[in-house]
Number of protein chains: 2
Amino acid sequence: MRIAMPWPKDHKSKTREKIVSSAAAAFRAEGIPGVSVDDVMSNAGLTHGAFYAHFDSKDDLVSAAIDHSSAETVARFSKALDALPPGDRFAGAIDAYLSPLHAAHPEVGCPVATLGPEVARTEGKAHRELARGIRRRLEWLRSLLPKPLQRRSKARDDELMGTLACMIGGLILARAVGPDESDAVLESTRRFLARARAAQDR
Amino acid sequence: MRIAMPWPKDHKSKTREKIVSSAAAAFRAEGIPGVSVDDVMSNAGLTHGAFYAHFDSKDDLVSAAIDHSSAETVARFSKALDALPPGDRFAGAIDAYLSPLHAAHPEVGCPVATLGPEVARTEGKAHRELARGIRRRLEWLRSLLPKPLQRRSKARDDELMGTLACMIGGLILARAVGPDESDAVLESTRRFLARARAAQDR
DNA sequence: TTCGAAATATGATACACATCATATTGTCGT
DNA sequence: ACGACAATATGATGTGTATCATATTTCGAA
């Protein structure tokens, strides 16, 4: 006796994917308490009741949304860097991350910069996923260095961590100062990092 | 005919001060939507109804809380640095900001790192106050440089902005990775900045 | 074409929220 | 002591929240 298969086999996973990706954008744009479960489901074309067939709780959804946006943003940045020669990729990542385009579009940008502080004060899956996103970014930056420089060392780890901190902080500052000064903040931070890197390489 | 003076002349301002300072701690600890007007008033020993005798709206309170905590943290850090010789103050500020103590106590720490992203997506007084807090921090860092280095220049402005970005980003990362890796993040970021500064000074 | 279960919808619960209208308290000048 | 009024309290409104129990739809398999 067979079990009936009442829906296309990937229907539920497709629906879940749609919920997660629209929630990921909404959370980054409005913050986590700024987006209700009802909002998320409406945006996905569903009603609120179906939510708990897909997720254990809102925190569970937040966790999935952070995972999604964390991977997605790294992938998007990486694609643009493929065209560059290996020696320029690290600097290219910094420039792309600290770009006016990125500052102007948090809804498709790095979730660590938009949701980091508010997720950091919670406990649960979402916070663990945030930490994973940070490790992912450190390894991503390492992968953009020319091969001979990828070997782990204390100095290299410091450089990666400091650079990531500066990227995230710079983006946050740019968004916080308001549109008039935003570009100047990004420029200053980029120049600071370029100079720091030139010094490091000697 | 005189107007009666039914309360001690500074009673209301004292009460307001108490509301603001306890709200400032609560917002940094729990986030802005995480703290209700009722919570704030209860913590100050009052009931919710009195709130609108002191503030126009919750955003008005948030604005006051950011102003308060922005000034307070700079003052506290500054006091600890007075004991140092002028040439060590800038580095001392970085070490204090990127310390495990600061990372462990957001409720008395820098409001830009705790509330920056969530306030940056709002419009109103609170966002403007946040921007002011950032300018305040840049000038504070400049004031910690030895006198001859305080003169404004493009390179100096870049250094101040990049350093601030790195401090804020490093603190956010330390809180985001969780307690086990937090100290290592802080250490790496401090070493990165020390090295960048050594390079700059040549 | 009908059955059954998976996917989604409806409806309800219990609580929290910002805000404001109105009542009460507390104390200073007289 | 008392009157006046600022400071605070009580109470209410309308809306929004996460979560869950139950009903309805949907569509592949028989």
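In the predicted model, 100% of the interface residues of chain A are also interface residues in chain B, so the copies meet through the same surface. To this contact chain A gives 42 residues, and chain B likewise gives 42 residues. On chain A, the side that touches chain B draws at least two residues from each of four helices: H6 (111–120), H7 (125–144), H8 (154–177) and H9 (179–200). Helix H8(A) provides the largest share of this side, with 17 residues. Sorted by class, the side of chain A that touches chain B consists of 23 nonpolar, 10 polar and nine charged residues.

The arrangement of the two copies was examined next. Two copies of a chain are related by a rotation about an axis and a shift along it.

Chain A itself is built from nine helices and has zero strands. Its pattern, read along the sequence, is α-α-α-α-α-α-α-α-α. Along the principal axes, the C-alpha atoms of chain A fill a box of roughly 70 × 45 × 30 Å. Of the 202 residues in chain A, 39% are buried. Among the contacts in chain A with a separation of 6 or more, 63% are accounted for by residues 24 or more positions apart.

Helix H8(A), the source of the largest share of the side that touches chain B, also packs against helix H9(A) within chain A. Two packed helices are described by the angle between their axes and the distance between the axes. The axes of H8(A) and H9(A) cross at roughly 165° and come within 8 Å. Since angles over 145 degrees count as roughly antiparallel, H8(A) and H9(A) are therefore roughly antiparallel to each other. The crossing in which H8(A) passes H9(A) is right-handed.

The residues that H8(A) brings to this contact are Glu159(A), Thr163(A), Cys166(A), Gly170(A), Leu173(A), Ala174(A), Arg175(A) and Val177(A). They meet Glu181(A), Ser182(A), Val185(A), Leu186(A), Thr189(A), Phe192(A), Leu193(A) and Gln200(A) in H9(A). By class, the contact of H8(A) with H9(A) comprises eight nonpolar, five polar and three charged residues.

Definitions and conventions
Residues are numbered from 1 along each chain as its sequence is written. Chains are lettered from A and ligands numbered from 1 in the order in which they are written. This is a predicted model: local features need pLDDT of at least 70, side-chain atom pairs count only at pLDDT 80 or more; totals for chains, interfaces and linings use all residues. Two residues are in contact if their C-beta atoms, placed from the backbone, lie within 7 Å. Ala, Val, Leu, Ile, Met, Phe, Trp, Tyr, Cys and Pro count as nonpolar, Asp, Glu, Lys and Arg as charged, and the others, Gly among them, as polar. A residue is buried if 20 or more other C-beta atoms lie within 10 Å of its own, exposed if 12 or fewer, and partly exposed in between; C-beta atoms are placed from the backbone. Axes are lines fitted to C-alpha atoms, for helices over the stretch in contact, and angles run from 0 to 180 degrees between N-to-C directions. Angles under 35 degrees count as roughly parallel, over 145 as roughly antiparallel, 65 to 115 as roughly perpendicular and the rest as oblique. A crossing is left-handed if the near helix is turned anticlockwise from the far one by less than a right angle, and right-handed if clockwise.
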